[in-house]
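Please look over the structure shown here before reading on. The questions that follow are meant for someone new to it.

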Amino acid sequence: MNHTKFLITAGLSLALAGCGSLGSNTSMYSVHQPVVERTNYAIDINVDGSGIPTDEQRRMAEWFDAMRLGYGDRVAIDYGSGYENAASRQIVSELAAERGILIGDTAPVTPGHVAPGTIRVVVTRSSASVPTCPNWSTTGDSNFNSSNHSNYGCSTNSNLAAMIADPEDLVRGREDKKLDDNSGTKAVNAYRAKTGGN
C-alpha cells in the first residue's frame, strides 16, 4: 500500500515539475526561428502557333513590372494539359531575364485549370518572418531554472528574416557550385550599375 502511494506521489511530482518548466529554454538556441512563406501569383496568357502574340507579351511585361519582379522571385510556366511550347517558353524567358530572373522547370500547383490555347505564368514569391516575436511572457521573478528570457533570439532572428535577400536560402541554403569568389562582387556591381554609383 505504501509502495503504491509513493508511485502516485512521485508521478504527481514529475507532472507538476513538467508544468513548471513548460516553455522554458535553458539552451543557447532560440525557440524563435524564421518562418518562410511562399505565395504564388499567376496570369493566363493566350498563345498561338508562333508563340505569344505581341499584345499578350506587352500584357505579361506590364504584369511583371506591376509585380516588381526581382531577386528571390521564381517564375515558371504551367502548360496545363498541353505540351510545352518552345517558342512561348523562349519569350517568357527573355521577358523574365530582362528583370534578372531565370525560368524554373516545374510550376507550382495553382487553383483552376489552364484553358486550352493559354499558358499560365506563375511567380512564386517567398517572405520570411518570426511570427512568435515579440514574446514578453517571462517575468523577472519567475525564472527559477536559469532559462532564457521568452524574448531571447527575437531581435537577431527578426533582423535576419528582414534582411535576407532570398528567403529560400533559409530553407535549403545555397549550393556550393552556384557560389564563387566573385559572388559578392557581382551583387555590388549590379547595385552600382542600377544606382549609377561608384
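The questions go from the overall fold to single residues.

This is a predicted model, in which local features need pLDDT of at least 70, side-chain atom pairs count only at pLDDT 80 or more, and totals for chains, interfaces and linings use all residues. Residues are numbered from 1 along each chain as its sequence is written, and side-chain values use heavy atoms, with hydrogens and water left out.

Q: In what order do the elements of the protein chain run from the N terminus on?
A: Helices (H or I, at least four residues) and strands (E, at least two) are DSSP runs, numbered from the N terminus. The protein chain has 6 helices and 3 strands. Read from the N terminus, their order is α-β-α-β-α-β-α-α-α.

Q: What share of the residues of the protein chain count as buried?
A: Buried means under 20% relative accessible area, exposed over 50%, and partly exposed in between (1.4 Å probe, protein chains only). The protein chain has 198 residues, and the share of them that counts as buried is 26%.

Q: Which residues form the disulfide, and what is its handedness?
A: A disulfide is a pair of cysteine sulfur atoms within 2.5 Å, and a search of the whole structure finds 1. The sulfur atoms of C133 and C154 are 1.9 Å apart, and these residues form a disulfide. The torsion about their S-S bond is about -85 degrees, so the disulfide of C133 and C154 is left-handed.

Q: How many residues apart in sequence are the parts that the pair C133 and C154 ties together?
A: Both C133 and C154 are buried. The disulfide of C133 and C154 joins the loop between β3 (118-129) and α4 (154-163), where C133 lies, to helix α4, which holds C154, so the parts tied together are 21 residues apart in sequence.

Q: Is the peptide bond from C133 to P134 cis or trans?
A: P134 lies in the loop between β3 and α4. Most peptide bonds are trans. For the bond from C133 to P134, omega is near -5 degrees, and the bond is cis.

Q: Which strands hold D44 and R120?
A: A salt bridge is a side-chain nitrogen of Lys or Arg within 4 Å of a carboxyl oxygen of Asp or Glu, and the structure holds 10. One of them joins D44 and R120, with the closest N and O atoms 2.7 Å apart. The pair ties together parts 76 residues apart in sequence, because D44 lies in strand β1 (residues 35-46) and R120 in strand β3.

Q: Are D44 and R120 buried or partly exposed?
A: D44 has 32% relative accessibility, so D44 counts as partly exposed. R120 has 6% relative accessibility, so R120 counts as buried.

Q: Where do D65 and R99 lie?
A: D65 and R99 form a salt bridge, their closest N and O atoms being 3.0 Å apart. The pair links distant parts of the chain, 34 residues apart: D65 is in helix α2 (residues 54-67), and R99 is in the loop between α3 and β3.

Q: Is E98 buried or exposed?
A: The side chain of E98 meets that of R99 in a salt bridge (3.5 Å, N to O). At 61% relative accessibility, E98 counts as exposed.

Q: How far apart are the C-alpha atoms of T118 and V47?
A: T118 is found in strand β3 and, at 13% relative accessibility, counts as buried. T118 and V47 are 71 residues apart along the chain, and the separation of their C-alpha atoms is 5.4 Å.

Q: What is the phi of R68?
A: R68 lies in the loop between α2 and β2 (74-78) and is exposed, with a relative accessible area of 72%. Most residues other than glycine have a negative phi. R68 is not a glycine, yet its phi is positive, about 55 degrees.
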